[in-house]
Amino acid sequence: MTETVRIPLDSQQRLLERLLHLSRLNTDLVLLTGPSGAGKSFLAGLLAEQSDLLMPARLDARALDTNARFRDTLLGHWFAGAVFDADDALYDSMSRLLPGAPGKRLLVVDNAPWLNEVLLQELAGLYALAERDRPFMLLLGHADWAREVRRQLDDAHIGPVLEVEVPELSEEDRQQLWQALGRRPPADAPAVRYPGDLTGTMEPPMRKPVYQQWLEQKSVKILLTALILLGLVILIVSLLGGREPARSGPVRPMADTALPEPAPSVPLVLAPEPAEPAPAEPVADNAPVRDWPAAPLPESPRVDTRVADSPDDSDKERVVIEDEVVSRLLQRERGKEAPAVEPVRPVAPAPVSPLSVLMQKPAGRYTLQLMAGRERSLLEPLAERHRLSPAWVYPRSINGQNWFVLVYGDFESPEQARRAIGGLPAELQAAKPWPKPFGQVQKEVKP
């Protein structure tokens, strides 16, 4: 609402003058923080209108979801018609393009917390450009994000970063907003701290929903009432007319019809396991019971198939397996010994890979930068202790000083590299690792 009515509040005007003053100084990276509705985007638009810097560029980090799209949009705006590679780092591209079009430019990034670590490092790395060509950059976000960004950039020893917070509305500012909206503050109005809070409380009484305005028309009310009454009449008539009278007269019993007797099915009979034979008494030849003849165990179970006589499944067969054979075969399988398992030998920690392998990696793939330090002897034992493979320690120069950087892994995309962070030990996760293209690593390697 504040961006729509464009109310010139005193607190916003003072903050705008401060940002204009900072844009003329050597502080080239400012983090503008505040909650939703504080007016950050409104202030950024005023800064782009009133600043005397060249070619103000306003980008949305949430919409430009890849590094290449962000670089292409920014460089295409600042250097229209120039030839550049969107996969190169911003510092490398601007170093080649600035001699043809020098000057201090303005960059405003909305939704800056959506910037990934690579783009954030590249924007902060533009501080290494000449003072007359360094752009003034204003990143919009919340306070927690700004504290984390300042900590990361301070650890990387990149140029100064300033955080500016949007102040809360004063009593004079609230009165200006109420007057501009043409209303008086209600007695039970909640506490208003930012412009978005005040205008949000005004929206419900200012305009009724469209459907509510339509229902308040008299002709619509009459039509809806008639439709409701007509629907009730149709429902009552359908309920009363749908009943059929009961038939009189005795109920005749069902005719006696002879049902066909089902054919007897062949039962599935499993023979019980025989016990120790007892001495048999002599039985006559015509006796109904005889002893079960003893038979040797065959090498494989004997399967008998019998065709069923039932009319429902006359084309199917049932299989009967003798229970004694199954039991003895199971006992024979249990007697087999399990194969012995050889003990697993411990794997020695993988050494750090040579730089020649690192320089041959495809520039479009990614690795994880774990940490950097002045001593190489402190980084290589760390990689060996945690068995990082592949891992490299390469030298580079930062602000004229020699540093060593520990990187780990070979990944197809930054998303795959970020998922691998969760599998690292807690000691390495505490260092806040971030994805880095092999192309950028190869450019940083100090010969």
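Okay, some housekeeping. Residues are numbered from 1 along each chain as its sequence is written, and side-chain values use heavy atoms, with hydrogens and water left out. As the model is predicted, local features need pLDDT of at least 70 and side-chain atom pairs count only at pLDDT 80 or more, while totals for chains, interfaces and linings use all residues.

Let's start inside. By a nonpolar core I mean buried Ala, Val, Leu, Ile, Met, Phe, Trp, Tyr and Cys residues joined through side-chain atoms within 4.5 Å. Buried is under 20% relative accessible area, exposed is over 50%, and partly exposed is in between, using a 1.4 Å probe and protein chains only. So which residues touch the most other members of the largest core? They're Phe70, Leu107, Leu115, Leu123 and Leu139, out of 32 residues in that core. At least two residues each come from strand 1 (29-33), strand 2 (54-60), helix 4 (67-78), helix 5 (90-97), strand 3 (105-110), helix 6 (117-125), strand 4 (136-141) and helix 7 (143-155). Those helices (H or I, at least four residues) and strands (E, at least two) are DSSP runs, numbered from the N terminus. Apart from that core lies another, of 22 residues, among them Leu20, Leu43, Leu47 and Leu53.

Take Leu107 for a moment. Leaving out residues up to four places away in sequence, Leu107 touches Ala57, Leu59, Leu74, Trp78, Leu123, Phe136, Met137 and Leu138. Contact here means heavy atoms within 4.5 Å.

Next, a helix pair. Two packed helices are described by the angle between their axes and the distance between the axes. For helix 2 (residues 10-23) and helix 3 (residues 40-50), the axes come within 10 Å and cross at roughly 50°. Axes are lines fitted to C-alpha atoms, for helices over the stretch in contact, and angles run from 0 to 180 degrees between N-to-C directions. Helix 2 and helix 3 are therefore oblique to each other; under 35 degrees would be roughly parallel, over 145 roughly antiparallel, 65 to 115 roughly perpendicular, and the rest is oblique. Who meets whom? On the helix 2 side we have Gln12, Leu15, Leu16, Leu19 and Leu20, and they meet Phe42, Leu43, Leu46, Leu47 and Gln50 of helix 3.

Now for the loops. Leu424 sits between helix 15 (414-421) and helix 16 (426-429). Is Leu424 buried or exposed? It counts as buried, at 8% relative accessibility. Beyond four places away in sequence, Leu424 touches Leu368, Leu370, Leu388, Tyr408, Gln429 and Pro433. His386 is 38 residues away along the chain, yet the two C-alpha atoms are separated by 8.7 Å.

Most residues other than glycine have a negative phi, and most peptide bonds are trans. Here, the bond from Ser389 to Pro390 is cis, with omega near 0°, and Pro390 is in the loop between helix 14 (376-385) and strand 9 (391-398). Asn111, in the loop between strand 3 and helix 6, has a positive phi near 50° and is partly exposed at 34%. Lys432 also has a positive phi, about 60°; it lies between helix 16 and strand 11 (434-437) and is partly exposed at 45%.

Last one: Pro99, in the loop between helix 5 and strand 3, is exposed, with a relative accessible area of 64%.
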